[in-house]
Amino acid sequence: MSNQKIKKAGGAEPDEFEAQVAQELLNLEMTSTELKASLSDLYITAAKEVDCGAGSKAIIVYVPFKLQRSFQKVQARLVRELEKKFSGRHVIIVAQRNILGKSYARSQKTKGLRPRSRTLTAVQDAILEDIVYPTEITGKRTRCKVDGRRILKVYLDGRDQANVEGRTDTYAAVYGKLTNKQVSFHFSS
C-alpha cells in the first residue's frame, strides 16, 4: 500500500527505511484533512538517513524534480508533521537532479550543448536552495583558507532567523554529505 508513495528509478524495490517514510506520507494523506488534497498526486523517489554529528540525525527525502513546486507549496506543514512522526530528526526535502558530464553528447535528433542546469555547480547550488527552503539565500562568499580548503559562507534572510537558527548545523551537515563541500550559514541583517 505504501509503495504508491514511492517510485524508484528503474522500478527497484524500496528499502525498509524508504518504505517507512512512504508509509508515513500515506498515513498523513489519509488522516490530515488539510494535506489530503495536496498529497494525493505526490510521491517520493528515495529517502536517506544522514548522521549530522553530536548524535543527531536528519532525513533527506528525494522528490521528483517535476513535483518539486507542488511539494514546496505544502513543505512547511509536511516537514512539521514528518518531524513529529520521526521524533528528534530534521526532515529535508531535496529534488532529484541529474548531473551531466563535460563529455555529454546528445542524440542525433537534438543538437546542442549540455544544459546549464545539469552542470555540477548548478546542481550543487540548486541542492543548497532546496535544503534551506523556505528561507531565501541573500548572499554567498567562498573563503579560501591558507591550507587550500574552501569554505562557502551562505547568508540567509535575517527575517527567518528565529525559525531556522536551530537547523543550520543540520543544513551544513546534509550539504556536506551530498556535495563534499564545507559550508557555514550566517544571517544577513
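**Stop 1: helices α5 and α7**

Select both helices; α5 passes α7 in a right-handed crossing. The residues that make this contact are Q124, I127, L128, I131 and V132 on α5, together with Y171, V174, Y175, L178 and T179 on α7. By class, the contact of α5 with α7 has eight nonpolar residues, two polar and no charged. The model is a predicted one.

Now show the axes. Two packed helices are described by the angle between their axes and the distance between the axes. For α5 (residues 120-132) and α7 (residues 168-179), the axes come within 10 Å and cross at roughly 150°. Angles over 145 degrees count as roughly antiparallel, so α5 is roughly antiparallel to α7.

**Stop 2**

Is V94 buried or exposed? With a relative accessible area of 1%, V94 is buried, because the cut-off for buried is under 20%.

Next, display what surrounds V94. Apart from neighbours within four places in sequence, V94 is in contact with I60, V61, Y62, V63, I127, D130 and I131. Of these, I127 and I131 were also named on the α5 side of the contact with α7. For a distance label, pick the C-alpha atoms of V94 and Q68: they are separated by 8.1 Å, and the two residues are 26 residues apart along the chain.

**Stop 3**

Follow the chain out of α5 and select Y133 and P134. The peptide bond from Y133 to P134 is cis, with omega near 10°. P134 belongs to the loop between α5 and β4 (137-144).

From here, select I137 and Q161. Their C-alpha atoms are 12 Å apart in space, and the residues are 24 residues apart in sequence. Q161 is placed in helix α6 (residues 161-164). At 29% relative accessibility, Q161 counts as partly exposed.

**Stop 4**

Go to N180, in the loop between α7 and β6 (182-187). Colour by accessibility and N180 comes out as exposed, with a relative accessible area of 73%.

**Stop 3: helices α1 and α4**

Helix α1 (residues 16-31) and helix α4 (residues 75-85) pack with their axes 11 Å apart, at an angle of about 120°. That angle makes α1 oblique to α4. The α1 and α4 crossing is right-handed.

Show side chains at the contact: E24, L25 and L28 in α1 meet L78, E81, L82 and K85 in α4. This contact of α1 with α4 divides into four nonpolar residues, no polar and three charged. The α5 and α7 contact, by comparison, has no charged residues.

**Stop 4: cysteines**

How many disulfides does the structure hold? The structure holds zero disulfides. C52 counts as buried, at 18% relative accessibility, whereas C144 is exposed, with a relative accessible area of 52%. Both values can be set against the cut-offs: buried is under 20% and exposed is over 50%.

Definitions and conventions
Residues are numbered from 1 along each chain as its sequence is written. This is a predicted model: local features need pLDDT of at least 70, side-chain atom pairs count only at pLDDT 80 or more; totals for chains, interfaces and linings use all residues. Side-chain values use heavy atoms; hydrogens and water are left out. Axes are lines fitted to C-alpha atoms, for helices over the stretch in contact, and angles run from 0 to 180 degrees between N-to-C directions. Helices (H or I, at least four residues) and strands (E, at least two) are DSSP runs, numbered from the N terminus. Angles under 35 degrees count as roughly parallel, over 145 as roughly antiparallel, 65 to 115 as roughly perpendicular and the rest as oblique. A crossing is left-handed if the near helix is turned anticlockwise from the far one by less than a right angle, and right-handed if clockwise. Contact means heavy atoms within 4.5 Å. Ala, Val, Leu, Ile, Met, Phe, Trp, Tyr, Cys and Pro count as nonpolar, Asp, Glu, Lys and Arg as charged, and the others, Gly among them, as polar. A disulfide is a pair of cysteine sulfur atoms within 2.5 Å. Buried means under 20% relative accessible area, exposed over 50%, partly exposed in between (1.4 Å probe, protein chains only).
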